[in-house]
Amino acid sequence: MKTRILGVAALLAVIAAALFGLYGVPADLNQGDAQRIMYPHVASAWLAYLSFGVTALAGIGWLIRRDLRFDAVAVASAEIGVLFTALAIWGGMMWARPVWGVFWQWEDPRLTTTALLLALYVGYLLLRRLSDDPARRATRAAVVGLVAAVDIPIVHFSVIWWRGLHQPPTFLSPDKILHPSAPLPFVLALVGMLGAFTLAWTWLLIRRYQLARAELAREDAVRGGLVRRASAAAARPGVAARPAAAARPGLPASDDGGTPQPKAPAEATQ
């Protein structure tokens with residue numbers, strides 16, 4: 001019930017933030033209405049960082065504690081992170097077309113490293129499907145999740161380390177967001193979208209974690225059933241019955257189902 005209430009609250013918050021971003025904030029002087037795409041774009045990028053950070057921390061938890069609940073958190077957060085990374089890339093492309101004149105520019109370090117981040121975590125999810133053993137799967141995924149997390153700070157600081165089309169970071173730069181010259185509606189729209197998307201992320205994480213736990217329970221039940229059937233078959237006395245021999249043409253099968261008996265020769269005619 002609490003999860004359902006959280007989901008409804010998240011949905012209403014996202015709707016309210018979207019409406020405020022569309023109608024409560026004036027159009028940008030230079031970018032026009034295209035600037036409104038920035039609100040969900042920045043929020044999606046923030047949640048991609050958060051998701052993959054949680055995946056890495058949960059992977060560390062599994063490697064230390066060997067508790068599959070950590071692995072359930074890791075896979076839940078990774079799947080949600082892939083979703084929000086794809087949304088961030090899509091929003092960035094929709095923003096770039098009217099502002100930059102192109103949807104994509106491989107020379108831009110932020111775009112390239114973000115695409116790499118998405119590919120790494122899609123690979124993370126594919127890797128998990130290669131093993132049916134929960135412990136082995138969790139260990140492999142934890143290692144890959146930790147390696148892939150190295151790309152998170154590279155994505156964020158790429159606009160500082162290398163020159164590209166992207167502007168310097170807006171999120172995690174309070175001197176820009178909370179600068180006195182920043183219009184208050186802009187700040188409210190950005191912070192409101194961040195809060196609404198984070199609330200939705202929390203609901204998605206809880207629901208996906210519950211599903212991951214149910215999947216683990218089902219796997220345990222299937223393995224337990226197979227073990228019980230194998231044990232029962234091994235403990236059952238007797239051997240399998242020998243299959244009856246196939247009858248050759250002209251040789252009827254014996255009454256007891258054994259080897260066919262030849263016909264008695266016909267009596268000679270006098």
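A residue counts as exposed when its relative accessible area is over 50%, and as buried when that value is under 20%. In the predicted model considered here, Tyr 23 has a relative accessible area of 69% and is therefore exposed. Tyr 23 is placed in helix α1, which spans residues 2-24. The C-alpha atom of Tyr 23 lies 9.8 Å from that of Arg 36, a residue 13 positions away along the chain.

The overall fold is described next. The chain contains 8 helices and 0 strands, and the order of elements along the sequence is α-α-α-α-α-α-α-α. Of its 270 residues, 36% are buried. Among the contacts with a sequence separation of 6 or more, 70% are made by residues 24 or more positions apart. The accessible surface of the chain amounts to about 16500 Å², and carbon and sulfur atoms contribute 66% of this area.

Part of the surface is a nonpolar patch made up of Val 8, Leu 11, Leu 12, Ile 15, Leu 19, Leu 22 and Tyr 23. Together these residues present about 740 Å² of accessible area. Besides Tyr 23, the patch includes Leu 11, which is also a residue of helix α1. With a relative accessible area of 52%, Leu 11 passes the 50% cut-off and so is classed as exposed.

Charged side chains were examined for pairing. Side chains of opposite charge can pair when their charged atoms come close. The model has 6 salt bridges. One of them joins Arg 36 to Asp 33, with an N to O distance of 3.1 Å. Arg 36 has a relative accessibility of 14% and is therefore buried.

A further salt bridge is formed by Arg 137 and Glu 219, whose closest N and O atoms are 3.1 Å apart. Arg 137 belongs to helix α5 (residues 134-148) and Glu 219 to helix α8 (residues 184-235), so this pair ties together parts of the chain that are 82 residues apart in sequence. The two partners fall into separate accessibility classes: Arg 137 is buried at 10%, whereas Glu 219 is partly exposed at 21%.

Glu 215 and Arg 208 also form a salt bridge, in which the closest N and O atoms are 3.8 Å apart. Here Arg 208 is buried, with a relative accessibility of 13%, while Glu 215 is partly exposed at 29%. Through shared partners, salt bridges join Glu 79, Arg 208 and Glu 215 into one network.

Asp 108 is located in the loop between α3 (68-100) and α4 (109-128). When residues up to four places away in sequence are set aside, Asp 108 touches Gly 164, Leu 165 and His 166.

Aromatic side chains were treated in the same way. A pair of aromatic rings is described by the distance of the centres and the angle of the planes. The structure holds 7 aromatic pairs. In the pair of Phe 52 and Tyr 121, the ring centres are 3.6 Å apart and the planes lie at 5°, so the pair is stacked. This pair links distant parts of the chain, as Phe 52 sits in helix α2 (residues 38-65) and Tyr 121 in helix α4, 69 residues apart. Phe 52 and Tyr 121 are both buried. A second stacked pair consists of Phe 157 and Trp 161, with 5.7 Å between the centres and 20° between the planes. These residues are 4 positions apart in helix α6 (residues 151-161), and are therefore separated by about one helical turn. Both are partly exposed: the relative accessible area is 35% for Phe 157 and 49% for Trp 161. Finally, ring pairs connect Phe 52, Tyr 121 and Tyr 124 into a cluster.

Technical notes. Residues numbered from 1 in each chain as written. Predicted model: local features only at pLDDT ≥ 70, side-chain atom pairs only at ≥ 80, totals over all residues. Heavy atoms only, no water. Patch = residues over 30% accessible without salt bridge, like charges linked within 9 Å, V, L, I, M, F, W, Y side chains within 5 Å. Areas by Shrake-Rupley, 256 points an atom, 1.4 Å probe, with all protein chains shown as cover. Salt bridge = Lys/Arg side-chain N within 4 Å of Asp/Glu carboxyl O. Helix = DSSP H or I, 4+ residues; strand = E, 2+ residues; numbered from the N terminus. Buried < 20%, exposed > 50% of the residue type's maximum accessible area, 1.4 Å probe, protein only. Contact = heavy atoms within 4.5 Å. Phe/Tyr/Trp six-rings, centres within 6.5 Å; stacked < 30°, edge-to-face > 60°.
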